Amino acid sequence: MTPNGAFTLGFILIALGMAVPGPRGEAVLLVLTLAFAAIEVRGASLIALRRAAVVVLPLAAFMGVVWVGIVGESPYQIAAESAGTRAAALAYVATLCGRLFFIVAVIQLVFLRFAKLTPLQIIRALALPATVKRVLVITLSLIGTLRHAIDRAHIALIAAGTLTRSPSLRNIIHSWRLIQAVWLSAITIMVGRMRDKWPVENTIARLDDTLANANPAWFSGDDRIWLPLSLGAAVVILVADRIGGAL
Amino acid sequence: MFTTPRLILIALGAALNCAIGTVVYLLKLPVFLDSIGTILVALLLAPDRLAAFLCSWAAGWIGLALSGLVNPFLPWFAITDVAISLIAALLCVAAAKTFRDRPLNSPPFIGQVALCGIVIGVVSAVISVPVVVYLFGGVTGSGSALVVAVFLKAGQHLMSAAMLSGLASDPPDKILQVLFAALLYRATPAEFIAMLRAREPEPTR
């Protein structure tokens with residue numbers, strides 16, 4: 001499976017999840033997603049589920065406080081101006097968080113499918129315009145630069161007595177100075193690279209050559225099985241409950 | 001259009017959106033602060049409005065994609081980011097000279113920050129409300145959900161509660177964002193801004 005195919009499949013699954021199909025449609029969607037996880041991602045699927053839980057559980061707790069604790073009724077009851085119940089609010093929060101869990105899990109599954117590739121290899125394999133690939137590579141390379149910038153700025157502000165190592169009110173008051181210092185540090189590093197380092201090393205031309213040499217096809221290999229399968233399943237998911245309802 | 005310094009600016013803007021926006025989201029503050037990078041990118045590319053719009057849009061969407069890994073609500077507000085980029089390119093870019101004046105001329109600075117913030121805030125509230133109501137039933141994972149809840153409890157309808165919450169929290173949030181972007185713009189070295197405005201030489205092969 002190519003990264004193009006995996007990202008397209010992930011997009012289809014998420015779009016179907018947000019289309020709010022009925023119970024039959026959801027069952028088909030779940031089967032399709034589980035098949036992708038079992039066949040393409042295998043054991044790493046558990047990591048995807050764990051990461052999705054880490055993202056969604058705090059959100060579920062927050063939404064529970066808001067909807068069940070404060071509002072005490074579901075949005076449907078509010079819209080219908082009927083008497084609200086906390087049970088309905090809880091059911092609403094559970095449904096919404098279930099859908100969000102599904103979305104996050106699908107995104108994680110797609111990335112974990114290529115866990116053995118480096119980010120640069122994934123970007124090379126994507127069928128995207130050269131400028132988009134370049135900005136993706138630069139964004140990834142900036143993550144390391146920003147980490148250095150944060151470390152430097154943080155340590156400098158601690159040494160100057162502006163921030164403290166442990167959590168404190170002073171850190172909250174002066175957090176803006178940290179952001180400014182990080183921004184300036186990152187800009188200074190990047191100006192140095194663009195002005196001195198990259199021209200000498202001919203970095204940009206080499207990067208373009210690296211990205212252009214891949215010449216990837218849009219879809220190939222298992223994409224030709226997964227994408228028609230997912231499109232066929234999409235039709236079934238969208239009409240399954242309507243046909244059932246009509247009968 | 002997309003020279004190397006501008007691509008680096010897009011990446012920096014996306015990183016700024018992602019870093020500050022994610023911290024605010026996790027703290028559940030009733031603000032967002034997730035478009036500072038978008039506005040800053042537009043300011044740094046003044047007076048070229050087309051470049052400002054396209055680059056800030058790109059920064060906004062890359063930021064959304066990155067932040068979406070932590071906040072699954074965020075990618076659904078992609079259209080709001082386009083609107084923010086457009087207004088930043090049209091309105092904030094016009095104020096870029098005032099924002100960078102030395103010494104700082106306070107009355108026009110404050111006035112421009114407030115004007116840009118209020119316009120961006122009102123437009124993003126109006127564009128975000130249908131997403132908040134129809135996709136998520138009125139409550140998202142951000143701290144502003146508490147404001148929606150308070151309005152609902154006060155007897156407002158879902159749509160009006162989401163709209164009132166947006167109009168109550170978005171303009172102050174966007175004023176803060178424009179202020180932070182303007183301050184970072186003032187602090188950015190002139191050398192970097194000159195690089196952004198220069199044409200890129202052909203790379204040697």
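Predicted model: local features only at pLDDT ≥ 70, side-chain atom pairs only at ≥ 80, totals over all residues.
Residues are numbered from 1 along each chain as its sequence is written, and chains are lettered from A and ligands numbered from 1 in the order in which they are written.

Chain B has nine helices and zero strands, and its pattern along the sequence is α-α-α-α-α-α-α-α-α. Helices (H or I, at least four residues) and strands (E, at least two) are DSSP runs, numbered from the N terminus. The radius of gyration of chain B is 17 Å, which agrees with the value near 17 Å for a compact globule of 205 residues; the radius is taken over C-alpha atoms, and the globule rule is 2.2 Å times the number of residues to the power 0.38. Along the principal axes, the C-alpha atoms of chain B fill a box of roughly 65 × 45 × 25 Å. Of the 205 residues in chain B, 53% are buried (20 or more other C-beta atoms within 10 Å of the residue's own; exposed means 12 or fewer, partly exposed in between; C-beta atoms are placed from the backbone).

The contact between the chains takes 38 residues from chain B and 36 residues from chain A, two residues being in contact if their C-beta atoms, placed from the backbone, lie within 7 Å. On the side of chain B that touches chain A, α1 (4-27), α3 (49-67), α7 (144-153), α8 (158-187) and α9 (190-197) of chain B each supply at least two residues. The largest share, 10 residues, comes from α1(B). This side of chain B divides into 28 nonpolar, six polar and four charged residues (nonpolar: Ala, Val, Leu, Ile, Met, Phe, Trp, Tyr, Cys and Pro; charged: Asp, Glu, Lys and Arg; polar: the others, Gly among them).

Within chain A, the axes of helix α2 (residues 23-41) and helix α5 (residues 86-112) come within 10 Å and cross at roughly 20°. The contact is made by T33(A), F36(A), A37(A) and V41(A) of α2(A) and V106(A), L109(A) and L112(A) of α5(A). These residues divide into six nonpolar, one polar and no charged.

F114(A) lies in the loop between α5 and α6 (119-125) of chain A. F114(A) counts as partly exposed because it has 19 C-beta neighbours inside 10 Å. Leaving aside neighbours within four places in sequence, F114(A) is in contact with P3(A) and I122(A).

How values were computed
Axes fitted to C-alpha atoms, helices over the stretch in contact; angles between N-to-C directions.
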